[in-house]
Amino acid sequence: MTFPTPDGPLEAVRGVDLDVPSGTVVGVVGESGSGKSVTMLSMLGLIQGAQVSGQALFEGRDLLGMSASELRKVRGARIAMVFQDPLSSLHPHYRVGWQIAEMIRAHEPVSRAQARRRAVELLAMVGIPQPEQRVDDYPHQFSGGMRQRVMIAMALALHPRLLIADEPTTALDVTVQLQILDLLRRLQAELDTAVIIVTHDLGVIAEMAQEVLVMYAGQVVERASRRGIYRHPHHPYTRGLLGSLPARAELPGRPHAPLGAERGRRDRLTPIPGQPPSLLHVPSGCPFHPRCPFVMDVCRRKPPELRPLDADGSHRSACWLPVDLVGLGPEVDGRRQAAAEAGRARLGRSQEAG
Amino acid sequence: MRSSPPPAGDDQTLLRLEEVVKHFPIRRGVVLRREVGRVRAVDGVSLEVRRGETLGLVGETGCGKSTLARCMARLHELTSGRVVFDGRDISRLPQRQLRRLRTDLQMIFQDPYNSLNPRRRVGSIIGDPLAIHGLADGAERRRRVQELMAQVGLNPEHYNRFPAEFSGGQRQRIGIARALALRPRLVVCDEPVSALDVSIQAQILNLLADLQGQLGLTYVFIAHDLSVVRHVSTRIAVMYLGKIVEVAETEDLFTRPRHPYTCALLSAIPIPDPDLADRRARLLLTGDVPSPVNPPTGCRFHPRCPKARERCRREEPRLEPRAGDQEGHATACHYPVEPDEDLAQAARVREGTVGEVKDAGGTHGDR
């Protein structure tokens, strides 16, 4: 999908394939500007002025080809969304119960009283104490965590088949985050809804998702099961993300030396050098190549496709490195380095020959 | 004015807080501005920062950690209590002397977008402290600024650029360069990496570590991200509703937390590792943090605490060493958590959900 901007067309998302089997939780992870939210919004026709190509099939129908009124019937009822900031997603002038009831009445022919009763039930389901009273409160009377519960209640009001949660806990404190993730997980299992959870937080993904997509510069660079991503990453960007996490330093087998305890011998993080690219000037070839420690000549020329690493294709990576170079640690990195050097040398020789 | 001689053993302590209180009055009315209540942001905090260490300060939104940081740097006037920096009481220093204090004590702020003046060039932003303190002029100032820029990993040739031309991570580097311009001894970092993406966050954390080694800095490091705090800190203090509830050496706190709130906080950190995430028992707190305008009686954590008893409602626990703990470990709890205690179970009993399967982890299998 492309946005026209004064600086030329901005390709926010390129060639993203995403399939969510019903009843599963898929995590989409990436840093700011990687296109993860835009992908979700464009799928639902929630972005104006964007040129979108491709297909978004939901229960066999293409969302991108639907008319506005058809799409409106799907959104909210069959596909629901929970956003990062519940305060700006709720209308400040209306009571929360009214807002939930309104949503129900927009899709189903029920009376006001029935809709209100449903709203009370929903508030109770998401764990809001005294739902009969709270249903008549305004959004500002709720705390951040409670507001996010209201959003979840609203999203689940019509038993959607797919729930898209875009950074649902980013604005919340950790203890509240745990409450919300726990709630999402229980409701997901109970209602058997498929969930796409979009976040920058690799911790949240590890807690929630069965299947993980890693996005960089508008593309999916790696996709695998949760364990595949965290234990056997292939793409150097995924490896870099995991290496940047302080929490990984505390995993078993990696003794932790706090900073300053022993000068000169401190536990250092391995950040990814440089900055993510501007989407107006995405690098040629692989978009990650300017920051990649294992860059080869081919990476600068040809964009890698998302190709399967294993027989059943459950682990895919868009990287030119050999498919068996998965995992973390100095041993694999050494082999990555060797492969990268070979990749550089080969081209050097062929150029000399030519 | 000379302050009283420091007590023995104080030479290890760079900064000492004594019963620091900071209340913000809530006023009503136009003419009389009657005080109708107070936000008890910091309500009696005593704490030491030792030379060369990194003291982590953690807590959730509204617990008063940023206010406490500002009290340390005297950006807030204290309501009561004392702040002693290097043996000198700085809590009542007049403006002129306060300015001199700034050469020793600097702050780095969370938001690299709002803490830099967008209309001024980076060189002059970083050079400001040198100009204000009359330490360097003209070509000499420029040389010092460019040195600083190189030291924090910025291109010194970008001296004449505006903040808008830099990314978030680079702006945080500008903030760090500015804080270091005067060669301070203590740097109070208030959520310095919270606004940054993880890959950039790691760059800044490494930079802060390098600078500490090179310049012998002491840090007070505030963050809500516990894994970040664990990575950088030698000691950690946990705050809840304006009070320190527990303080200990980093590994001691993480392996043997005693306050139920600390336990809840630690168990809530999302672990970026599928196996650990599944295996872990979770302590799910109920309810929200109460308002600091009207904090609960007794122990402030009692309404959410799985172990709360009658005594906790009446009597405020003191922050003191508890039996069986390492030196330097203090906990403000009447009934500290024992190492093999199952708090999650206690929480379930309290919630009346015993027997019901309430699985907070491991409900999903891997493919």
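Which residue takes a positive phi in the hairpin of β1(B) and β2(B)? In this predicted model, the answer is G29(B), whose phi is positive and near 90°. The hairpin places five residues between its two strands. Strand β1 of chain B covers residues 13–28, strand β2 of chain B covers residues 34–50, and the two run antiparallel, joined by 13 bridges. Within this pairing, V21(B) has D43(B) of β2(B) standing opposite.

At the β5 end, strand β4 (residues 80–85) of chain B runs antiparallel to β5(B) and is joined to β5(B) by two bridges. Here V84(B) has D89(B) in β5(B) as its bridge partner.

Helix α5 (residues 168–180) and helix α6 (residues 198–215) of chain B pack with their axes 10 Å apart and at an angle of about 20°. An angle under 35 degrees counts as roughly parallel, and α5(B) and α6(B) are therefore roughly parallel to each other. Their crossing is right-handed. On the α5(B) side, the contact is made by G168(B), G169(B), Q172(B), R173(B), I176(B) and L180(B), while α6(B) brings I200(B), Q203(B), I204(B), L207(B) and L211(B). By class, the residues of this contact of α5(B) with α6(B) comprise six nonpolar, four polar and one charged.

Helix α4 (residues 96–107) and helix α5 (residues 112–125) of chain A pack at an angle of about 120°, and their axes lie 8 Å apart. This angle makes α4(A) oblique to α5(A). As in chain B, where α5(B) and α6(B) cross in a right-handed sense, the crossing of α4(A) and α5(A) is right-handed. From α4(A), the residues G97(A), I100(A), A101(A), I104(A) and R105(A) meet R112(A), A115(A), R116(A), R118(A), A119(A) and L122(A) of α5(A). The residues of this contact of α4(A) with α5(A) divide into six nonpolar, one polar and four charged.

Elsewhere in chain A, is R223(A) buried or exposed? R223(A) sits in strand β10 (residues 219–225) of chain A. Because 27 C-beta neighbours lie inside 10 Å, R223(A) counts as buried, the threshold being 20 or more. Beyond its neighbours within four places in sequence, R223(A) is in contact with V212(A), L213(A), L306(A) and R316(A).

Finally, the two chains meet each other. The contact draws 50 residues from chain A and 47 residues from chain B. On the side of chain A that touches chain B, at least two residues come from each of α8 (174–191), α9 (202–208), α10 (226–231) and α11 (236–244) of chain A. The largest share of that side, eight residues, is supplied by α8(A). Sorted by class, the side of chain A that touches chain B holds 20 nonpolar, 17 polar and 13 charged residues.

Key: Residues numbered from 1 in each chain as written. Chains lettered and ligands numbered in written order. Predicted model: local features only at pLDDT ≥ 70, side-chain atom pairs only at ≥ 80, totals over all residues. Contact = placed C-beta atoms within 7 Å. Helix = DSSP H or I, 4+ residues; strand = E, 2+ residues; numbered from the N terminus. Nonpolar A, V, L, I, M, F, W, Y, C, P; charged D, E, K, R; others polar. Buried ≥ 20, exposed ≤ 12 C-beta atoms within 10 Å, placed from the backbone. Axes fitted to C-alpha atoms, helices over the stretch in contact; angles between N-to-C directions. Parallel < 35°, antiparallel > 145°, perpendicular 65-115°, else oblique. Left-handed = near helix turned anticlockwise from the far one by under 90°. Pairing = 2+ DSSP bridges.
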